[in-house]
Amino acid sequence: MKLKNKVAIITGAARGIGMATAVKFSKEGAKVVIADVNELDIKRSVESIKELGGEAIGIKVDVTKRKEVDELINNTVHQYGRIDVVVNNAGITQDAQLLKMSEEQWDKVIDVNLKGVFNIAQAVGNVMKEQKSGVILNASSVVGTYGNFGQTNYAAAKWGVNGMTKTWAKELGRYGIRVNAVAPGFIETPMIDKIPKNVIDMMKEKSLLNEVGSPEDIANGYAFLASDEAKFITGTILSIDGGLVI
Ligand code: NAI
């Protein structure tokens, strides 16, 4: 078990990649905190981990709200006494081409995908500094390196996540804290539900493996980076995209 007895907070873990990551971490022996804005789905996620014999609690949090983030961190420390891993996975899309994007669409995506990651990392960073150990993992995207049609806001946020990942690796390494990101390609989750079938087929063709990825493919990457097997890895952006872009 790669993550035996580690305490891990996973944001956006009520469904999709976050939920798969919570299940994987639990199977690897971690105590998991399912942190999400969607209260109903949190319950389902916690129950499915418990059914597998794992340990999980759910905490409702909107990552854009600093007060709620502070409560999440405080409640986790109160419950488990420490925080070993945070996966900053919560994210949204609100797509529009540059000339049509509303200020609201811009603000919303930057708020969740960029400021939310900052909020969590800053709050947990203080706990990890005290512990002199910890792992912060951020959700990037292929879009954070290559851009994407209709995703000005999302691309800006994910490029920002890459920049923050490298900056925090430089700042926090001295406290025994590793910081890395995972950049998924096209992954089959509710996030891509609205994408037309022909676009998904095109993405499959573009992938060198002729596939879209599964949430579990990403969860496996997070589990590796969270574990001591990756103890010499920091400041890296791990692409998991079936060779979508090389
Ligand atoms: P999803 O839409 O299936 O799940 C996202 C989760 O985040 C949901 O449970 C939602 O309730 C939660 N969430 C949204 N706003 C929140 C907030 N303000 N506070 C707390 N929780 C919030 O998304 P998916 O596909 O699982 O994506 C997870 C991460 O992976 C995101 O950061 C996304 O940008 C990234 N990603 C996904 C890709 C894909 O193809 N699905 C590709 C590249 C990156």
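Student: Which residues of H3 meet which residues of H4?

Tutor: On the H3 side they're Arg66, Val69, Asp70, Ile73 and Val77, and they meet Asn119, Ile120, Ala123, Val124 and Val127 of H4. Two residues are in contact if their C-beta atoms, placed from the backbone, lie within 7 Å. Seven residues of this contact are nonpolar, one is polar and two are charged. Here Ala, Val, Leu, Ile, Met, Phe, Trp, Tyr, Cys and Pro count as nonpolar, Asp, Glu, Lys and Arg as charged, and the others, Gly among them, as polar.

Student: And where do the numbers and the model come from?

Tutor: Residues are counted from 1 along each chain, as its sequence is written. This is a predicted model, where local features need pLDDT of at least 70, side-chain atom pairs count only at pLDDT 80 or more, and totals for chains, interfaces and linings use all residues.

Student: What pLDDT does the protein chain average?

Tutor: It averages 97, and 100% of the residues score at least 70; pLDDT is the predictor's confidence in each residue, from 0 to 100. The model's ipTM is 0.99 and its pTM is 0.98.

Student: Back to the helices: at what angle do H3 and H4 pack?

Tutor: About 35°, with the axes of H3 (residues 66–80) and H4 (residues 103–131) 9 Å apart. Axes are lines fitted to C-alpha atoms, for helices over the stretch in contact, and angles run from 0 to 180 degrees between N-to-C directions. The helices (H or I, at least four residues) and strands (E, at least two) are DSSP runs, numbered from the N terminus.

Student: OK, new topic. What's the strand order in the sheet?

Tutor: The order is S3-S2-S1-S4-S5-S6-S7, an open sheet of seven strands with parallel pairing. S3 (55–60) and S7 (237–240) are the edge strands, each pairing on one side only. Two strands pair if DSSP finds at least two bridges between them. On average, neighbouring strands of this sheet are turned by 20° against each other, direction ignored.

Student: How many bridges join S1 to S2, and how many join S1 to S4?

Tutor: S1 (residues 7–11) runs parallel to S2 with five bridges, and parallel to S4 (residues 85–88) with three bridges. Isoleucine 10 has isoleucine 34 as its bridge partner in S2, and valine 87 as its partner in S4. Threonine 11 sits opposite alanine 35 in S2.

Student: How many residues of S1 are buried?

Tutor: Five of its five. A residue is buried if 20 or more other C-beta atoms lie within 10 Å of its own, exposed if 12 or fewer, and partly exposed in between, with C-beta atoms placed from the backbone. Val7, Ile9 and Thr11 point one way and Ala8 and Ile10 the other. S2 (residues 31–36) has six of its six buried, with Lys31, Val33 and Ala35 on one side and Val32, Ile34 and Asp36 on the other.

Student: Why does serine 26 count as buried?

Tutor: Because serine 26 has 22 C-beta neighbours inside 10 Å. Serine 26 is in helix H1 (residues 16–27). Leaving aside neighbours within four places in sequence, serine 26 is in contact with Val32, Ile49, Leu52, Gly54 and Ala56.
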